[in-house]
Amino acid sequence: MRPRLRRSINGVLALILAFGLCGIPSVATAAPAQPDQIKKRVQLYDRVSVLTGLDWTVLAAIDQYERTMSRAHPKTRPLRETAVTGVYIPPTEWSGVLNPDEGDTEPASIRFFQGIGRDGSGDRLADRNQDEDLLFSVAAEVLRYGSVREDFAIGLWEYYQNTRAVQRILQFAKLYKTFGKPDITGNAFPLPLNSVYSFRSTWGNSRSWGGYRIHEGTDIFAEQGVPVRSTCYGIVEIKGWNRYGGWRIGIRDLNNLYHYYAHLSGFEKTLKAGDVVRPGQVIGWVGSSGYGRPGTQGKFPPHLHYGVYRDRGLVEWAFDPYPLLKRWERDERKSLKVHR
Ligand SMILES: [Zn+2]
């Protein structure tokens, strides 16, 4: 019912930084991109793909990872209103730390000062306000170690200095590859709408099942064995036992949200970490597992604990999934009526 704050290896320091610099995380999920934005992105990926030899799925994954970071840190990663790419490179990194001209666009002098800014658009300027220059500059940095998967992962790590970033980008690339398009959107309510269930807003409720700490999620009560479905397009990140969550599964989506389903009675057997799932796909069944050694069941009434966490780069924050659940339930009900 009450998963812990999931921490990276950089743990405590990251936590201090996050509290100190970023304040309270934003809770809204991003609106889906408009068709013309998607079209512009596709053109951008194609052009940078020609320049770098990188597959568009990888470029899209880098771009999307950067976009999720910019959304999580709008103050420290301001994006231009007209930006097509989500890439953000701080001025000093772009021009070089010792470069007296932070707005330098001259590729030769930027290189001299060891900045990473490059010209990807062919106008001989390395312009931090240009989408192709931005995405190309990141791609070029990442490619310094080579383009086969292992080298590429090292390049990602060297650039981001963060194993989580590497994992995200490889996950996103797999999703783009699986579905073959850059706009992958759609959600589902976690239980079949024709099953018997009930839920209410329990965010921050201290009287959650078995815990003293605030309740980070929504409990959806239903009979043992009711199917639990993925709410999103995503990748299975974790599957197994956790002392509080019991049999639990964690799924990462392209908005860099981690969807957490706990207290299951069992999993869909064929699913394993790294598998791609779709909204509405059955991933397990409602149960009452948890609060003890593996297999412990029945210490509370059966329900699905559903939590959503936003990856902010080094730490993840839970936010209240109740409004999302209400929206998905309503949307699905509407579409069922239409298709009847
Ligand atoms: Zn719960």
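The secondary structure of the protein chain comprises nine helices and 10 strands, where helices (H or I, at least four residues) and strands (E, at least two) are DSSP runs numbered from the N terminus. The model is predicted: local features need pLDDT of at least 70, side-chain atom pairs count only at pLDDT 80 or more, and totals for chains, interfaces and linings use all residues. Residues are numbered from 1 along each chain as its sequence is written.

Of the 340 residues in the protein chain, 42% are buried. A residue is buried if 20 or more other C-beta atoms lie within 10 Å of its own, exposed if 12 or fewer, and partly exposed in between, with C-beta atoms placed from the backbone. Among contacts between residues at least 6 apart in sequence, 59% join residues at least 24 apart; two residues are in contact if their C-beta atoms, placed from the backbone, lie within 7 Å.

Two packed helices are described by the angle between their axes and the distance between the axes. Helix 2 (residues 35-52) packs with helix 6 (residues 131-142) at an angle of about 45 degrees, the axes being 10 Å apart. Helix 2 is therefore oblique to helix 6. Axes are lines fitted to C-alpha atoms, for helices over the stretch in contact, and angles run from 0 to 180 degrees between N-to-C directions. Angles under 35 degrees count as roughly parallel, over 145 as roughly antiparallel, 65 to 115 as roughly perpendicular and the rest as oblique. From helix 2, Leu44, Arg47, Val48, Leu51 and Thr52 meet Asp131, Glu132, Leu135, Phe136, Ala139 and Ala140 of helix 6.

Ser49 also belongs to helix 2. This residue is partly exposed, because 18 other C-beta atoms lie within 10 Å. Leaving aside neighbours within four places in sequence, Ser49 is in contact with Leu54, Asp55, Trp56 and Leu59.

Gly180 lies in the loop between helix 8 (163-179) and strand 1 (197-199). Gly180 counts as exposed because it has 9 C-beta neighbours inside 10 Å.

The table gives C-alpha separations for these two residues.

| Pair | Apart in sequence | C-alpha to C-alpha |
|---|---|---|
| Ser49 and Ala139 | 90 residues | 9.3 Å |
| Gly180 and Thr57 | 123 residues | 8.1 Å |

Strand 9 (residues 303-311) and strand 10 (residues 316-319) run antiparallel and are joined by four bridges; strands pair if DSSP finds at least two bridges between them. Tyr309 has Ala318 in strand 10 as its bridge partner. Four residues lie between the strands of this hairpin, where Gly313 takes a positive phi near 110 degrees.
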